[in-house]
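Okay, thanks for coming, everyone.

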Amino acid sequence: MARPIEWQLATVAAVHDETPSVRSFTLDLPGWAGHRAGQHLDLRLTAEDGYSVERSYSIASEPERAGVVEITVERIPSGEVSPFLHEVVIPGDRLEVRGPIGGYFVWDAPLGGPLLLIAGGSGVVPLMSMLRHRARAGARVPTRLLFSSRGPDEIIYRVELDRLAAAGDGFAVAHTLTRQQPPGWTGYARRVDEAMLAEVLEPLGPTTRTYTCGPTALVETVANALVRLGIPPDRIRTERFGPTGT
Amino acid sequence: MTERFVTRGFVGRRGGGTDAADLRRRTPPGQYLTTDFPVLSAGPTPRTSLDRWTFSIDGLVREPARWTWAEFMALPAREWTVDISCVTKWTKLDMRWRGVSVDTLLEGVDLDPAAAFVVASCDGGYTTNLPIADVLGNQAFVAYEYDGQPLAPEHGGPARLVVPARYFWKSAKWVRGLRLQARDEPGFWESLGYHNRGDQWLEERYSDD
């Protein structure tokens, strides 16, 4: 038998805010076995008396960063773990993690494309790992990200996404803002629907590999629409999260 | 190595009282309770119309069985109220289903003595594997109602296998048949790093846990 995926101690190297409710944590993990873009890790918090809780978080960083893993966590006010991470954890703290976990919602550069990534809110995190991996690997496969956020201040990784899109290596990002749009907004301004997907997919064609991550309603809508748009089911990979912080 | 590690500043949000203790007792290790019904699938939700739906039992049986939707609805069914745990860490208590016990489905087919494992197959190509011992004795059923309503497609409707004593990926959505085999055969998630048995009380999440 191989060994189980061991719990290991990460040291928090840096903390920074992505949006008012989303924060990234850079974890130093000298013993990390490496991951594939799209995978997640388990995190465990333990109190003095032994009481402990576990959660899974998508990995945001690319596999090329050896010994370092970044996670991006949305604060769920009613939750038990994300408020702790946001309010208590500071650089120098240690956290128990294990991973990597998950072998289906992954993309490696040799898989190729074209690639269509669709994110709702913090569902962008595993897709960001794919985009960072794509950039670091020098892959030039035609790639588009369709990213649904509620308002302009809630776009996670906004600056980095703009920078990646400006590199001229075949990556473009399309935003939709569902609740609030700033003056002069030229992007989409509604929930993701089939017409929007058809427009974003059009230049990529029917052999596109798609990865969708976000709330259940968005993922259901997108996956059903992609089937109708002619994408084979095995090229429609999904990852979902719901409001499960209670 | 880290059995004694304590996370700085972590206390937890534990409720008090006997109710809280009872809920904790029903929550497997590493899980948290939720009241909603999260949806997790690796791909699009398949749609099979009921007039084309069948459920079959084949493999190491003397007489394979096959039911249409109408025939399946005529099988003896019952209500089940069970606690469900997903490997993604949520546990939901007292989930109410209606469906047909796997014992009932296997009654008529006359199992070959060599049959030791079951592979559930589904619309969309999903599979999961279980030892026969894990599904007999009313431990598993094929559900077509949840909470008094027809099972919704995103939750596996028209019918899904439900195996409450295992992590929820063993409760295959859109199930269309069971194949009896002499040899074990890892299913979809069992081939992608998840545990072959998946007992939530033993926290058998990943391959070598």
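Let's begin at Asn138(B), which you'll find in the loop between S7 and strand S8 (141-146) of chain B. Keep in mind as we go that this is a predicted model. Most residues other than glycine have a negative phi. And is Asn138(B) buried or exposed? Exposed, because it has 12 C-beta neighbours inside 10 Å, and the cut-off for exposed is 12 or fewer.

There's another one of these in chain B. Lys89(B) isn't a glycine either, and its phi is positive, about 105°. To find it, go to the loop between strand S4 (78-85) and strand S5 (90-101) of chain B. Lys89(B) counts as buried, because 20 C-beta neighbours sit inside 10 Å, and 20 or more is what buried takes.

Now, back to S7, and to what it pairs with. Strand S6 (residues 117-122) of chain B runs antiparallel to strand S7 (residues 127-131) of chain B, and five bridges link the two. If you want one pair to look for, Val119(B) stands opposite Asn129(B) in S7(B). The hairpin of S6(B) and S7(B) has four residues between the strands, and in it Gly124(B) takes a positive phi near 95°.

S6(B) has a further partner. Which strand is that? It's strand S11 (residues 175-181) of chain B, again in the antiparallel sense, with six bridges. Here the pair to look for is Phe117(B) and its bridge partner in S11(B), Gln181(B).

While we're on backbones, a word on cis peptide bonds. Most peptide bonds are trans. In chain B, the bond from Gly157(B) to Pro158(B) is cis, with omega near 20°. Pro158(B) is in the loop between strand S9 (149-150) and strand S10 (160-162) of chain B. Chain A has a cis bond as well, joining Gly113(A) and Pro114(A), with omega about 0°. For that one, look at the loop between S6 and strand S7 (115-120) of chain A, where Pro114(A) lies.

That brings us over to chain A, which is divided into domain 1 (8-101) and domain 2 (109-241). Their centres, taken over C-alpha atoms, are 24 Å apart. How many residues of domain 1 of chain A are in contact with domain 2 of chain A? There are 15, and they meet 15 residues of domain 2. On the domain 1 side, the elements giving two or more residues are strand S1 (8-19) and strand S5 (68-74) of chain A. By class, that side has six nonpolar, five polar and four charged residues.

Last stop: where the chains meet. Chain A puts 41 residues into the contact and chain B puts in 35. On the chain A side, the elements that give two or more residues are strand S3 (40-46), strand S4 (52-58), strand S6 (94-101), helix H5 (216-228) and strand S11 (236-241) of chain A. Which of them gives the most? H5(A) does, with six residues. As for the make-up of the chain A side, we have 21 nonpolar, 10 polar and 10 charged residues.

Okay, that's my tour. Over to you for questions.

How values were computed
Residues numbered from 1 in each chain as written. Chains lettered and ligands numbered in written order. Predicted model: local features only at pLDDT ≥ 70, side-chain atom pairs only at ≥ 80, totals over all residues. Domains from an automatic or database assignment. Contact = placed C-beta atoms within 7 Å. Nonpolar A, V, L, I, M, F, W, Y, C, P; charged D, E, K, R; others polar. Pairing = 2+ DSSP bridges.
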